[in-house]
Amino acid sequence: MDSRLTQFDELAGADGRTRAPYRKLSQWLAETPPELLASRREQAELLFRRIGITFAVYGAQEATERLIPFDILPRILARSEWATLEKGLIQRVAALNAFLADIYGAGEILKAGVVPADLVYRNPAYCPEMAGRRVPYDIFVHIAGVDIVRTDDQGFFVLEDNARTPSGVSYMLENREVMMRLFPELFALHRVAPIENYPDELLATLRSVAPPHANGDPTIVLMTPGQYNSAFYEHSFLADKLGVELVEGRDLFVRDDVVYMRTTEGPRRVDVIYRRIDDDFLDPLCFRPDSALGVAGLMGAYHAGNVTLANAVGAGAADDKAMYTYMPDIIQFYLGEAPLLQNVPTFRCREDEALTYVLDHLEELVVKEVNGSGGYGMLVGPHATKAQIEEFRAKLKAHPQNFIAQPTLALSTCPIALASGVAPRHVDLRPFVLQGANGARVVPGGLTRVAMTEKSLVVNSSQGGGTKDTWVIDDAWVDEEAMGQA
Amino acid sequence: MLSRTADNLYWLARYMERADFLARAIQASRRLAALPKAYGGDETEWESVLLSSGAALAFESCGRPVNEANVIEFLTFAPENPGSIRNCLEHARSNARAVRTALTIEMWESINDAYLEMRALESRDGVPCAEELARFLEVIKLTSLTYDGGAYRTMLRNDAYWFSRVGLFIERADNTARLLDVKYHVLLPQKEVVGGSLDYFQWSAILRAVSAHTAYHWVYRTSMKPWLVADLLILRPEMPRSLISCYESIVRNLDSLARAHGRQGASQRHARGVYGKLEKLTMESVFQGGLHEFVQSFIAENNRLGALISEQYLF
């Protein structure tokens, strides 16, 4: 897959003929004066700042609250493209859940030798406290954010599975709201599938996994590390949309293995915790004793089956970059199906043959730390200096098991509106998959992240990446073309 | 609702109210200080603003001379003054951010807009000029109006609303009482001096600080008399910043809470007690017992209510 040669633009296509989903947008762009785009960009910025949609950047003293750059041009997927993607996503999350239930249970996949046991048990995200435990309905991953890229108009690749506490869904929802305020005329031209039902779907998912004692009317809370967390805006936004309390560790306490929150009317029992806080900080009695963010005794209540945590403790054992390389086998093993979404071909540096290849081709590969996230701890070979490459060579030789490598993908581009005009930039897509006891749900679209700098492949918001609204539109042109030919 | 949320809402309302009071007090004092000495215009006015805003000690420790520029800067923008308008706004926003879910979008936007305006002003070099200061004080007053109006028009009538109302009225009662305490000496009954008193402009400054300058005339239909100014600020139920009016609101909101929770507690009983006393009070008895003593004891009672609310609801 040497896709470095060709650059696939989702509007222009490979051959420069505007691709069908973008025809109306393209025409609209051609007819729209640049001043109008400029003024809408300003309005968008103003809207975001007023609503207070900010995120915190660690270590950036002067800019503790920043806006994520927002691009006003939508990224468009045809319903037919989305249908493929949706099936693949649901399949993938089903496999992730089966895998987690298995590695904390019987360990069949390890016995079968499909995945090396040491890779699972020595994984820092593997949680020994969960070994032999079952979680309600065997669902570990209730909310997954699967990062998707494409390099041509054929298929989609999964870049990463986020099975812990994936964030970004508030941007997906707010981007749509802002777009509907800014561009009613574009919505009138397209039939865009709505996403506003996401909070309802999330609520239904969380309710479905409540412990039986809640009798179908569980008290659900969203647990945040607090307002200094980078995703605090999202936590408060979601709690508000869900209509549930936004709690911090200090608002909860455990008595006789039951979790309560401190309310103005006294203690109130909590049944489901949608936690946006890492495993390590959940319970100082069980994990990090220095954590002031968690709740002492929470794991006891969890093991007693008195409270459901979403996502389950230990879910991170499945979204590790080393585990990623086994996902096609994992899907095959549990579901007996071929994976619908491809993995990006990946070299496991723990394997000698792969390591040799990687060390010989550092200039053209992307090397990632197995446990890194947010675009940190990553080498983009073609864009790296000699010194950076040598630094990584040394790291790789010292701890090969900590790294994977992938070919530098020519990520697809989408047009964005800049002060200087419309130009293509690299994008990825993070759809959000919900898995409850009553089925899987995906709202059409997801969060499109865009590298705002020319040629850059890093889309992470912590490194200056931006976002776009993502539209799934009806393939009306199929009918129109059929009519035209008739 | 979560106790922490209730606590945040309560303090958010107090900070917003305090910022509003400070802005009004500064404006009124500037007006007074600008008068010739013979009309009461005097630098001592700035000392009394420091006293009534509870910032006198903090100001003293910064070692600067008491004059208009220094005091205004200290009360408005000084980061080192914990009770400056900028810090009130910062605390208010931080509280608001922590409880975004309990606020309506209108309330959040009004706080956030004012905060952004303040940050923009602060990011510029140099001391804000008189015009910028005046504009900023106007923004603060407007913000408290939109915040308050936003709360009144858009919030669900539940715990969140009642706690924030209680916070607002406790703070307001405290501000009015402090203003009375600092100025009590000019409000004592005296023989009317023909042709007006030297203190006339002091009285009108007090009224302006609580935005009651016009209200006074509507209520009393007579020229300004100090004991009537005191009456207006203490006992007139129709005056929204009078102590009695604040307590009428406190009792009502605490009762709503008690009804929703199905139980009355110490804070309800205490608030009703204070309100009952105010209802029976006459200005003669206030002056007989001493205005200063009355105000001091009121401030203590009001603080006590704050403590009782914490005990009862905030766990």
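In chain A, β17(A) and strand β20 (residues 447–450) run antiparallel and are joined by four bridges; strands count as paired if DSSP finds at least two bridges between them. This is a predicted model, in which local features need pLDDT of at least 70 and side-chain atom pairs pLDDT 80 or more, while totals for chains, interfaces and linings use all residues. Residues are numbered from 1 along each chain as its sequence is written, with chains lettered from A and ligands numbered from 1 in the order in which they are written.

**Strands of chain A**

- In β17(A), A:Arg425 stands opposite A:Cys414.
- Two residues lie between β16(A) and β17(A), which form a hairpin.
- Strands here are DSSP runs of E with at least two residues, helices are runs of H or I with at least four, and both are numbered from the N terminus.

**Helices of chain B**

- Helix α1 (residues 3–33) and helix α9 (residues 200–209) of chain B have axes that come within 8 Å and cross at roughly 155°; axes are lines fitted to C-alpha atoms over the stretch in contact, with angles from 0 to 180 degrees between N-to-C directions.
- α1(B) and α9(B) are therefore roughly antiparallel, a term for angles over 145 degrees.
- Among the residues that meet are B:Ala28 and B:Leu32 in α1(B), and B:Phe201 and B:Ala205 in α9(B); contact requires C-beta atoms, placed from the backbone, within 7 Å.

Terms used
Angles under 35 degrees count as roughly parallel, over 145 as roughly antiparallel, 65 to 115 as roughly perpendicular and the rest as oblique. Two residues are in contact if their C-beta atoms, placed from the backbone, lie within 7 Å.
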